[in-house]
Amino acid sequence: MSIEIRGIGKQFGSFVALDDIHLDIPTGELVALLGPSGCGKTTLLRIIAGMESPDRGEVLFAGAEATHLHARERNVGFVFQHYALFRHMSVFENVAFGLRVKPRKERPSEAEIRKRVMELLGLVQLDWLADRYPSQLSGGQRQRIALARALAVEPKVLLLDEPFGALDTKVRKELRRWLRRLHDEMHISSVFVTHDQEEALEVADRVVVMNHGRIEQIGTPDEVYSNPASPFVYEFLGNVNVFHSRVQGKWAEIGREEAEAETTTAFVRPHDIEISRHPAESALEAVVQHVHPIGPVVRVELLHGAEIVEVELSRERHEALNLLAGQPVWFRPRQVKVFGDAVAKESAKQAFLF
Amino acid sequence: MSAPHSPPRVLPGLGLGLGYALVYLSLIVLIPLGALILKSSELGLHGILDIATGERALAALRVTFGASLAAAAINGVFGLIVAWMLVRYDFPGKRLVDSLVDLPFALPTAVAGITLATLYAGNGWIGRWLEPLGLKVAYTPLGIVVALTFIGLPFVVRTLQPVIEDIEPEVEEAAATLGASRWQTFVRILFPAIFPALLTGFSLAFARALGEYGSVIFIAGNLPLVSEITPLLIISKLEQYDLLGATALAVVMLAISFVLLLAINLLQWWAANRHRGSVVEGARP
Amino acid sequence: MSRRRAAQEPRWVRWSLTAIGLVFLFAFLGLPLAAVFVEALAQGWSAYVAALAEPEARAAVGLSIGIALAALPLNILFGVAAAWAVAKFDFRGKSLLVTLIDLPFAVSPVVAGLIFILLFGVNGVFGAWLTAHEIKVIFAVPGMVLATLFITFPFVARELIPLMQSQGKDEEEAAISLGASGWQMFWRVTLPNIKWGLLYGVILANARALGEFGAVSVVSGHIRGETNTLPLHVEILYNEYNQVGAFAAASVLALLALLTLVAKTVVEWRMQKEMAMLNAELPPEKTA
């Protein structure tokens, strides 16, 4: 089922949680709402689920107006951040809940409920936990039960609020892949909220980057990563590997003749910087401050003037360079992204070609 | 609030729940208390004060306040010791003793009253040891203090226990590593942490004692001007069909209760927020 | 549980504090409790049983139970309704409502009785109307039920409000999003979650309802065999110097109090267990 969001706005007191949000989610797509906490992503998800009512705008399900539908009637599966499993019910009863509360006419027989629940538990690979209680499960297991419970009512839309937020890294990675597979098998539309860009980029078909109640960019993971629409997206999608170069100072140095240059900011990812031990044309001089080998990459901190520049090198490259703290080096960016007013953009790009 | 045609709230029952709560609150609590205010308005402020400052009424208030304060103070001291002991020390039968602390909540006040009166009477288990020492407890104001101490005890202990439990041992260990003696640690670190709760427990015990009737009347002797408490004076005015007199005293008691309730709420608010202000400010973006 | 050494008083301090605390508790709680039963049995079992077998004593027991049974359901309903509204929703005046719920705790029992006389007594607000219609509220059972309602008003709500606030509304929202109706949500999700807290409040309210003396005494009129609850019966016998009778009745109330303490402890223990379950550290994740 497709979801359309038209001009949704929501305020809590004087705090604007959502401001004129427009978003189309075609059937079968897995969409990530990505942004820092307080950006409005969870509120948007809850509005889609019917748990929060918008002040303005409308929500359409499969082209039909759904803004006034009660949460109960929307046929959405909602997975809560902290799972919200019914703590006094066994895993089996948790999953069976949605079937048991159906009106008598539609309610499946006990045998059918049993079959369906065990199927779902099989799907999430936890059928051996049917008699346990939520408190006896690990976080990842709780999460999968919450998912099975949401799927039991055969929702047309699956909504997940920070589905992996409370899990540790290893489980999180595994569940991510698993969610992707599950989504593809179920042929439903799914929306999940996350503040983890890696998660969004890995799992989603499309990523909606949000900030301060607005959508900053909508696009495929590749689009938003390699072609960010705003400085915010650029910085937010950088993960720890991001290095945002506040190059103003450096700028003035190089592109002194460009009068407008001071108002622009350029962004360079740390892995897009080349280092050489010898002076090179149009490269900037710096001093190596620290060298941190971190797993497969080596992070190098350079001091350029008063500014710290972060660079990420592959292990091979680092071995070839053999950097030590205190060494003078020359670096130059391979790829630069500049945001600013139109005039500045042109000149800045020119300037940074070195 | 919400747009004119928004979907209903997700969770049902606000109207039903709040509606019932408000109607019931009004019927059982607010309207009856309103009747008291209404009746007292027949007297006016002057009339109320005239009755409340009559010789017998004033003496009763003095006895009530004095005994309540004394009992709350006793509970403050011993309640602190009991709470400390129950949280920090181990001894056989601790769980039993811990449950027993709630006895004054569970035991009907009349039972407490006749029992204490019997215990502290001249031939009672305790009275027979105290009387030769010249200490008459039963049928004197001292008896009132005993009864009020009994009923107020759990308030202090139960308010203090969770607070003492919440003190992190690391804090005390830090004090110890900085060279503080155990006594210095208690005075400078622990007591300030406990103090608001102690004050709250004291006020709760005090508030409860002011209105107490059942446990007191059996042991008090109820001599006008000497050992007559205000609640009893209200009843004796009622029995003489002096409805206005009873109302006046009741309004005074009610006003005092309100002030105390307010003070306790403020106290708890203060205890919860006293170290928080600056942090909250700093955390704001 | 072993305490850390640096956070521990010297042994002599621990011992003397424990001794002081226990002696205080023994003198103020242990002795009175023992005295009730010793006095009740002072003239042997047969006198004790005879005192309890008296029709007036039996009527008093019946009336006490009846009043508690009449007062509790309304207060339970109120407690659940108020806690539901306060814990799961935001509305203006919420903190005022919470404060007002506590009000009866701050009012002297005697005043609690008096206000109902002012409303329903012969000279009260509704006195004339009640007399005209020959309805007796004061010096009759209805007045005693009203006074008990007032006295036990806050107990259930007070237990449920913090409990339901701490549980949040995720589970209820999950139930609704799975298609449950309001009642299905309440019976299947909310009620099972609050049952121990509810029971706790009911135990406390029940103990208070059975034992209330001051408020009930003011509105009862002390009519033997008719408006005499067990605590009032105790008073009458005691004032008649019927020591054994008074303490026999008192011993029944003391037994109920002990029963209350046991029930309360059991429920507290269950609640702690559930809390521990809820806040349990998740077991380390096993990945296949």
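Chain A of this predicted model contains 11 helices and 17 strands. Of its 354 residues, 54% are buried. Among the contacts in chain A with a separation of 6 or more, 66% are accounted for by residues 24 or more positions apart. The chain exposes about 15,700 Å², and carbon and sulfur atoms supply 50% of that area.

Six of the strands can be followed as one sheet. In chain A, an open sheet of 6 strands has the order S6-S7-S8-S3-S9-S10, and its pairing is mixed. Strand S6 (76-79) and strand S10 (214-219) of chain A stand at the edges with a single partner strand each, so one side of each has no neighbour in the sheet. From one strand to the next, the twist averages 15 degrees.

Within this sheet, strand S3 (residues 30-34) and strand S8 (residues 189-194) of chain A run parallel and are joined by 5 bridges. Leu33(A) stands opposite Val193(A) in S8(A). Helix H1 (residues 41-49) of chain A packs on the sheet, where it touches S3, S6, strand S7 (157-161), S8 and strand S9 (206-211) of chain A. The direction of helix H1 makes about 150 degrees with that of S7(A).

For chain B, the confidence of the prediction deserves attention. The pLDDT of chain B averages 87, and 93% of the residues score at least 70. Confidence in chain B is highest in helix H3 (residues 55-88), at a mean of 95, and lowest in helix H14 (residues 277-283), at 39. Over residues 1-7 of chain B the pLDDT is below 50, and this stretch has 13 contacts in the model beyond near neighbours in sequence. Residues 278-285 of chain B also stay under 50, and for them the model has 0 contacts beyond four places in sequence.

Definitions and conventions
Residues are numbered from 1 along each chain as its sequence is written. Chains are lettered from A and ligands numbered from 1 in the order in which they are written. This is a predicted model: local features need pLDDT of at least 70, side-chain atom pairs count only at pLDDT 80 or more; totals for chains, interfaces and linings use all residues. Side-chain values use heavy atoms; hydrogens and water are left out. pLDDT is the predictor's confidence in each residue, from 0 to 100. Helices (H or I, at least four residues) and strands (E, at least two) are DSSP runs, numbered from the N terminus. Contact means heavy atoms within 4.5 Å. Buried means under 20% relative accessible area, exposed over 50%, partly exposed in between (1.4 Å probe, protein chains only). Accessible areas come from the Shrake-Rupley method with a 1.4 Å probe; for residues, only the protein chains shown count as cover. Two strands pair if DSSP finds at least two bridges between them. Axes are lines fitted to C-alpha atoms, for helices over the stretch in contact, and angles run from 0 to 180 degrees between N-to-C directions.
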